[in-house]
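Here are my notes on the structure below. Please read them with the coordinates open.

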Amino acid sequence: MAEHYPTLLQSALAATALKVLLWPAYRSTDFDVHRNWLAITHSLPLKDWYYEKTSEWTLDYPPFFAYFEWTLSQAAQYADRAMLQVRNLEYHSWQTVHFQRATVIATELVLVYALSLFVQTSPAGSKKQAHASALSVLLSPGLLIIDHIHFQYNGFLYGILILSIVLARKKSGLLASGIVFAALLCLKHIYLYLAPAYFVYLLRAYCLGPRSVFDIKFGNCVKLGLGIATVAGLAFGPFIYYDQMPQVLSRLFPFSRGLCHAYWAPNVWAMYSFSDRVLIYAAPYLKLPVDAEAVNSVTRGLVGDTSFAILPNVSPRTTFILTLAAQIPALAKLFLAPTWDNFVATITLCGYASFLFGWHVHEKAILLVIIPFSLLALKDRRYLGAFRPLAVSGHVSLFPLLFTAMEFPIKVVYTITWLVVFLLAFDRLAPASEKARVFLLDRFSLLYIAVAIPLIAYCSLIHQLVFGAKFEFLPLMFISSYSAVGVVGSWLGFLVVFFTS
Amino acid sequence: MAPPTGPSHRPRRKPKPTTLSLNGTITTTTSTTTNNRQETPAFPLVAFFWPAKASNTSPWIILPSILLITFLFRWATSLWPYSGHAKPPLHGDFEAQRHWMELTINLPITHWYFHDLEWWGLDYPPLTAYHSWVVGQIGNLFNPDWFALYLSRGTDDIDLKVFMRASVVASEYLVYVPAAILCVRQLGKLHSINSWESAIALTAILLQPATILIDHGHFQYNTVMLGFMLATLASMLAGKLLWSSVFFVATLGFKQMALFYAPAVAAYLAGQCLFPRIDIPRFLGIAVVTLASFAVLFFPLLAGTALDTYRNIPLPADAKPPPLMAFLPENITPQTRYHPYLLQLTQSIHRIFPFARGLFEDKVANIWCTLHSTHIYKLSHLSSTNLSRAALALTLTALTPPCLLLLLKPTKPLLPYALATTAWAFFLCSYQVHEKNVLLPLLPMTLLLATDGGMKPAIRAWTGYANLLACWTMFPLLVRDGLRVPYFILTALWAWLMGLPPCGTSTLTTSAEDGGLSWVGKTIHVATYAGMVGWHVVEMAVAPPEGKPDLWVVANVGLGCAGFGVCYLWCLWRSVEVSGVLYDVGIWKRGVGGEKKKKKTQ
């Protein structure tokens with residue numbers, strides 16, 4: 001078998017060198033969040049885990065992630081015991097930093113393994129394309145920015161997601177895929193957003209017969225049900241035993257948070273908020289009622305309730321209904337044609353729907369769209385056309401996560417390099433589509449990408465030179481709105497491609 | 001980068017057939033069962049260029065990508081601490097450079113070389129001073145506190161670090177990087193190497209760990225000086241000798257350590273004027289351009305002196321006339337009209353060449369330090385005059401053979417070898433050597449990767465050997481700066497990319513017939529790498545014995561010196577081979593040539 005160069009392992013090694021060099025870089029409060037979880041799981045009995053609140057960063061991930069932190073803490077005690085004390089808030093000795101950063105790199109091996117499996121299981125004709133997609137995920141600027149600078153464990157978690165997606169490729173792997181996904185949900189519940197796609201696919205392809213939906217395969221249903229129940233039992237069993245489920249769930253689903261995160265993720269609500277802001281200025285002319293209290297709060301509240309001055313307020317229920325409504329067409333198509341490609345496309349569309357319409361969406365959640373989409377981007381040129389604006393906007397929208405001068409060149413140069421190398425490589429590798437392209441999506445994406453350059457220059461440099469520290473929300477709002485256009489544009493493009501193919 | 005538009009579902013350009021590689025980047029294996037020829041990358045760095053080879057990617061994509069990626073590694077290294085970070089009272093090289101910016105932008109030019117020597121007095125040639133002035137002026141726009149006179153000493157502001165780090169990168173991308181590109185391109189032309197392989201060599205050169213660690217970790221502006229040297233070399237390779245003299249004056253004018261190269265540069269230029277026939281106009285041209293360049297170099301200093309004299313600005317109160325003034329004719333008195341200019345010139349020379357300093361600084365892997373610190377011979381028995389004479393004599397002896405070769409056979413392929421040999425001679429034998437000066441011999445030696453057969457196991461092995469050994473000898477310095485992790489990461493990365501021990505074995509497993517090392521070379525390499533790895537293990541695990549706190553450092557110096565000696569001998573032998581004198585004197589027969597057995601070293 002001919003190898004494709006550079007191999008995944010080679011790329012992972014070179015990237016690791018860069019990631020280790022980034023150890024002293026800026027780290028967000030998420031670093032202390034995870035340190036605190038190491039401390040909680042290490043020094044407290046299990047029944048106190050979800051009650052402990054010395055730090056404001058309480059444990060709000062599902063139990064498997066807590067077990068994961070407990071496992072890491074077993075090694076952490078040899079690096080520096082002091083990081084394992086709950087009272088040591090914001091503790092960051094260099095041993096602590098190096099240890100926690102190293103665990104991010106080490107656990108990312110799951111992603112390397114999952115991607116290599118993805119390439120291996122690809123059909124012979126598209127191995128080259130699969131290899132390029134795998135490299136693009138492995139070297140993703142999103143993971144570099146979020147995991148290796150900002151600090152989180154997404155490489156590990158998305159590794160498990162990809163593993164589960166790849167397992168679903170073969171009939172024999174469907175059960176394992178479902179169980180792995182259940183385990184993933186017990187690690188981080190944000191993946192619930194993708195669960196509808198799994199539900200429909202496993203139902204149609206595993207629990208029902210291939211010819212008729214009335215041919216129910218009871219054996220498979222029992223196996224899958226037992227598997228998922230076992231996983232859930234392992235995760236939540238102890239907390240059910242201690243009768244703590246309401247407390248655990250209230251930690252996992254804090255609905256008291258606002259519609260928009262502190263910084264607007266580039267979704268529909270960012271556009272909604274932006275319109276509201278604009279309408280404040282237009283209101284006197286249009287004779288619209290203005291909620292004076294809301295005028296000063298929309299962009300400021302850290303994790304407070306967002307209220308709108310002119311437009312009607314949005315309830316969590318509305319966002320939930322919209323999200324589901326946006327997912328249903330894709331789910332219906334998947335139910336009718338349960339192929340693996342449709343499955344991945346539906347996962348992507350579920351990611352899109354929840355990112356665009358969800359409640360309190362983090363900008364980091366864009367990976368929920370980019371990573372599954374990457375696996376499909378090289379299917380043919382039409383998919384690539386929809387992928388391009390997403391690749392640009394999704395990564396640009398992550399820029400505000402890092403705001404320190406020292407990290408600025410890293411995030412910009414790394415992202416530009418990635419875009420140049422991979423978009424060009426993809427362009428060369430993507431096979432021609434069987435159907436003619438409907439949209440002038442290429443033109444749109446070219447214009448869109450061209451706008452990114454002056455925008456980044458303005459937001460990072462010119463704004464500061466012109467206004468100093470004033471209007472600091474302006475650059476954020478521009479980046480957010482710009483990225484929202486890109487994400488929505490690529491979503492529409494992808495919808496067209498998906499439903500016409 | 002804009003993606004192409006239009007009906008692009010077929011390749012826009014027919015791929016050209018790739019030229020058959022001769023430079024050692026590709027290993028071809030023939031499968032015994034299917035009889036299919038299969039090409040694989042010879043070392044991991046090549047693998048990263050594999051997609052570009054198959055699709056004939058335009059150099060307009062490859063080159064920017066290389067520059068962006070090498071930038072990332074530089075900038076990531078500069079996140080780490082610099083020399084003297086938060087280390088009062090004197091701080092380190094970072095403070096020295098910052099202080100020069102402080103003094104050049106705040107003081108009249110006549111004070112630059114007279115200002116307080118004790119707190120990092122300016123002791124580099126004028127081009128460094130001008131460079132400091134430019135960087136200082138720009139920094140002053142951002143935050144005047146960074147360079148406030150006297151008040152800013154020892155500043156450890158986080159934003160200042162960003163600015164200073166950025167100034168190193170900017171200077172490097174303005175001087176070193178373009179010069180390296182040109183130089184690699186000229187070497188490629190000279191040895192007919194395809195652009196794909198040249199790009200690989202360029203990446204290897206730009207990722208050289210020693211340079212990144214010293215400039216972007218420890219903090220210095222060596223790459224500016226090295227960049228001018230690359231420009232000198234590129235001009236020589238392009239046959240533009242006048243430009244090469246201009247650039248070499250700039251090299252010297254930035255850092256006096258460039259004298260390491262001077263004899264070889266002079267020998268080449270002289271040789272070009274003498275052979276094949278004596279060329280007086282060329283000689284006059286070079287002489288005039290060199291003098292004119294020196295005049296331009298010192299012009300701002302002298303013009304500033306004229307202005308200060310006109311405005312009657314006195315010298316600092318503690319200014320003493322430099323000893324050199326004593327050698328001037330007696331009729332020059334402070335009243336003489338050109339006295340202030342002579343004073344500035346002699347003072348700058350006095351500062352740049354402080355003969356009063358010791359033979360070597362700190363612990364450096366050269367002959368003198370090794371003799372001294374390993375107690376083979378205590379140099380304190382000798383007077384400093386005798387020592388200086390011994391050093392001078394030894395240096396001259398060591399640099400004569402390569403320079404003589406270059407003078408008699410001034411050919412382009414010989415240049416990198418002769419430059420490397422001369423620089424090694426200086427590094428090993430001369431006085432006032434820093435461990436960081438090893439960057440000078442490393443530069444021409446690393447360039448060998450871009451020459452004919454440069455990435456075949458033998459040359460790659462020796463280039464890598466010198467580079468990794470050099471990083472290793474700087475380890476004690478880097479640890480003091482808090483750069484232990486970047487040291488391990490960057491050296492291991494480079495060793496792995498180039499397929500070198502301890503991260504790869506491709507250089508050791510190739511037989512001498514296939515362009516690998518001879519058994520002597522292999523023995524030396526295995527022994528040295530084993531020594532280096534072993535040393536790291538011991539240094540990490542075992543504390544040095546009581547009463548000998550420097551034992552590990554001394555061991556480092558000893559092995560380093562021996563290894564560098566081997567590098568000197570190898571470069572010298574290669575110079576002899578490449579120059580072709582062995583044909584001329586009849587030891588080799590024409591047409592036989594090829595891989596001769598390497599001369600026994602040590």
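The points below go from overall confidence and fold to the contacts and then to single residues.

1. **Confidence.** This is a predicted model. In chain A the mean pLDDT is 89. A pLDDT of 70 or more is reached by 93% of the chain A residues. Where pLDDT is low, the predicted coordinates should not be read in detail.

2. **Fold and overall dimensions of chain A.** Helices number 21 in chain A, and strands number 0. The radius of gyration is 23 Å, close to the 23 Å that the globule rule gives for 501 residues, so chain A is as compact as a globular protein of that length. The C-alpha trace of chain A spans about 65 × 60 × 45 Å along its principal axes.

3. **Packing in chain A.** What share of the 501 residues in chain A is buried? The figure is 48%. Take the contacts in chain A between residues at least 6 apart in sequence: 75% of them join residues at least 24 apart.

4. **Two domains in chain A.** Domain 1 of chain A covers 8-241, and domain 2 covers 316-500. Their centres, taken over C-alpha atoms, are separated by 22 Å. Domain 1 of chain A puts 31 residues into the contact, and domain 2 of chain A puts in 40 residues.

5. **The domain 1 side of that contact.** Which helices of chain A each supply at least two residues here? They are α6 (127-138), α7 (141-151), α8 (154-167) and α10 (195-207). The largest share of this side comes from α7(A), with 7 residues. By class, the side of domain 1 of chain A that touches domain 2 of chain A has 22 nonpolar, 6 polar and 3 charged residues.

6. **Helix α8 of chain A.** This helix is one of those that supply at least two residues to the domain 1 side. Is α8(A) mostly covered or mostly open? It is mostly covered, with 14 of its 14 residues buried. From its first C-alpha to its last, α8(A) reaches 19 Å, close to the 20 Å expected at 1.5 Å a residue.

7. **The contact between chains B and A.** Chain B gives 33 residues to this contact, and chain A gives 38 residues. On the chain B side, α1 (44-55), α2 (59-77), α5 (158-190) and α19 (484-497) each supply at least two residues. The largest share of that side, 10 residues, comes from α2(B). By class, the side of chain B that touches chain A has 26 nonpolar, 6 polar and 1 charged residues.

8. **A:Asp380.** This residue sits in the loop between α17 (367-376) and α18 (381-396) of chain A. Why does A:Asp380 count as buried? The reason is that A:Asp380 has 20 C-beta neighbours inside 10 Å, and the cut-off for buried is 20 or more. Not counting residues up to four places away in sequence, A:Asp380 touches A:Ala430, A:Pro431, A:Ala432 and A:Ser433. A:Phe426 is 46 residues from A:Asp380 along the chain, and 9.8 Å separates their C-alpha atoms.

9. **Cis peptide bonds.** Please check two prolines. In chain A, a cis peptide bond joins A:Tyr5 and A:Pro6, with omega about -10 degrees. A:Pro6 is in the segment before α1 (8-21) of chain A. In chain B, a cis peptide bond joins B:Pro88 and B:Pro89, with omega about 5 degrees. B:Pro89 lies in the loop between α2 and α3 (93-106) of chain B.

10. **Positive phi in chain B.** B:Ala86 has phi near 55 degrees, a positive value in a residue other than glycine. B:His91 also has phi near 55 degrees, again positive in a residue other than glycine. B:Ala86 is in the loop between α2 and α3 of chain B, and B:His91 is in the loop between α2 and α3 of chain B as well. Which of these is buried and which exposed? B:Ala86 is exposed, because 9 other C-beta atoms lie within 10 Å. B:His91 counts as buried, because it has 22 C-beta neighbours inside 10 Å.

Key. Residues are numbered from 1 along each chain as its sequence is written. Chains are lettered from A and ligands numbered from 1 in the order in which they are written. This is a predicted model: local features need pLDDT of at least 70, side-chain atom pairs count only at pLDDT 80 or more; totals for chains, interfaces and linings use all residues. Domain bounds come from an automatic or database domain assignment. Two residues are in contact if their C-beta atoms, placed from the backbone, lie within 7 Å. Helices (H or I, at least four residues) and strands (E, at least two) are DSSP runs, numbered from the N terminus. Ala, Val, Leu, Ile, Met, Phe, Trp, Tyr, Cys and Pro count as nonpolar, Asp, Glu, Lys and Arg as charged, and the others, Gly among them, as polar. A residue is buried if 20 or more other C-beta atoms lie within 10 Å of its own, exposed if 12 or fewer, and partly exposed in between; C-beta atoms are placed from the backbone. pLDDT is the predictor's confidence in each residue, from 0 to 100. The radius of gyration is taken over C-alpha atoms; the globule rule is 2.2 Å times the number of residues to the power 0.38. The expected span of a helix is 1.5 Å times one less than its number of residues.
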